[in-house]
Amino acid sequence: MGILGLSKLIADIVPSAVKENDIKNYFGRKIAVDASMSLYQFLIAVRSEGAQLTSADGETTSHLMGTFYRTIRMIENGIKPVYVFDGKPPQLKSGELTKRQERREEAQKALEKAEETGDMEQVDKFNRRLVKVTKNHAEECKQLLKLMGVPYVNAPCEAEAQCAALVKSGKVYATATEDMDALTFGSNVLVRHLTFSEARKMPVQEFHLNRVLQGMELSQDEFIDLCILLGCDYCDSIKGIGPKRAIELIKNHRTLEAVLEKIDTSKYPPPPGWLFKEARSLFLKPEVADPEGIELKWENPDEEGLVEYLCGDKGFSEDRVRGGAKKLVKARGGGTQGRLDTFFKTIAPPPGSSPANKRKVEEKKGPAKKAKGGSFRRPK
């Protein structure tokens, strides 16, 4: 779920914090990709005749096809992706996971009913709701990424939190995910739609946290409280308080504790035993691996290994797999040129050239003579 209604709230209140980009504008950027979110997209989008693509033995391969071709697309555009996989979910998320399971059970019943009536539109709709990223999907994609020469990180807990930690440490430029809580975890830059297929023709959306905070006139702590009030994965929100009312309350009272003191709790009853403090703590101090101990290396693909892994039982075309491997090698060879902004580095001034030292030198020399002809003008 991420943060309910946050993207629209930002677009309405601080549109300057969001910009649309073409994928080619990320040339030379290292980007942390939320793997589970991407796999979910691939499992939904990469389908044939309304069903998942499968191997000879009936195992799903949509996630492998999506990862293979869309990762190649990113790399061809000069992006250096690093996939970040979820670890164990935090205990606070158990309630949300239970709700998701209940929704899947409801979708399963609705699917069976749609199949009985032959309503194929509804069959497809509820099939999509039943899509779930499994541990096996993740392990298969890790093996694929290894053969492609693309690094991945196993997060100890939430992938979005680990992505945010990589961004804050300077290891990568941005977090690529559809879940807005990457901002709540402190990712300075969040990009959405990066792993969408070209067929969807959707521009990449880039959110800048510093502009969001400045435009909303909130600190990061206050922003976290706003996100909890909007609705997050870790605790229920207060029913009846929508996005506009939520930001108004936070701007007026600054903390959830103060909000609870000021609102009419008979009209807006907080959830019983509301765990907002625990959710706040999770956003402020999530369980992540130290980015300084993470080495990110992009290497040439193992073409023969890819053919062996993807062709045969998994049903991939050998010609297309070999073609993809060659694209990866070519992109790596052409990707040695860095971004233009990396060529401009701050050069340390020579000893004695600080403003304070310059003043001392000038004082010793005495008053300077004015140059004839007045002040110097930069030629136009």
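I take helices and strands as DSSP runs, numbered from the N terminus, and I am reading them in a predicted model.

**Entry 1: the sheet**
I started with the strands and found seven of them in an open sheet, ordered S1-S9-S8-S7-S2-S5-S6, with mixed pairing. Strand S1 (18-21) and strand S6 (152-154) each have a single partner strand, so one side of each has no neighbour in the sheet. I noted an average twist of 25° from one strand to the next. Next I looked up S8 (residues 189-192) and S9 (residues 204-208), which pair in the antiparallel sense over four bridges. Valine 189 has histidine 208 in S9 as its bridge partner.

**Entry 2: helices across the sheet**
I found helix H6 (residues 135-148) lying across S5 and S6, at about 155° to S5. Helix H3 (residues 62-76) lies across S2 (30-34) and S5 (80-85), and runs at about 140° to S5.

**Entry 3: serine 38**
Is serine 38 buried or exposed? I read 2% relative accessibility, and the cut-off for buried is under 20%, so serine 38 counts as buried. Serine 38 sits in helix H2 (residues 35-45). Beyond its neighbours within four places in sequence, serine 38 is in contact with Val33, Tyr83 and Thr195.

**Entry 4: the cores**
The largest nonpolar core has 45 residues, and Met216 and Phe223 are among those touching the most other members. Helix H10 gives this core its largest share, seven residues. Another core, of 38 residues, lies apart from it and includes Ile72, Tyr83, Leu144 and Ala325. Back at methionine 216, I listed its contacts beyond four places in sequence, including Leu9, Ile10, Phe223, Leu226 and Lys251.

Methods
Residues are numbered from 1 along each chain as its sequence is written. This is a predicted model: local features need pLDDT of at least 70, side-chain atom pairs count only at pLDDT 80 or more; totals for chains, interfaces and linings use all residues. Side-chain values use heavy atoms; hydrogens and water are left out. Helices (H or I, at least four residues) and strands (E, at least two) are DSSP runs, numbered from the N terminus. Buried means under 20% relative accessible area, exposed over 50%, partly exposed in between (1.4 Å probe, protein chains only). Contact means heavy atoms within 4.5 Å. A nonpolar core is a set of buried Ala, Val, Leu, Ile, Met, Phe, Trp, Tyr and Cys residues joined through side-chain atoms within 4.5 Å. Two strands pair if DSSP finds at least two bridges between them. Axes are lines fitted to C-alpha atoms, for helices over the stretch in contact, and angles run from 0 to 180 degrees between N-to-C directions.
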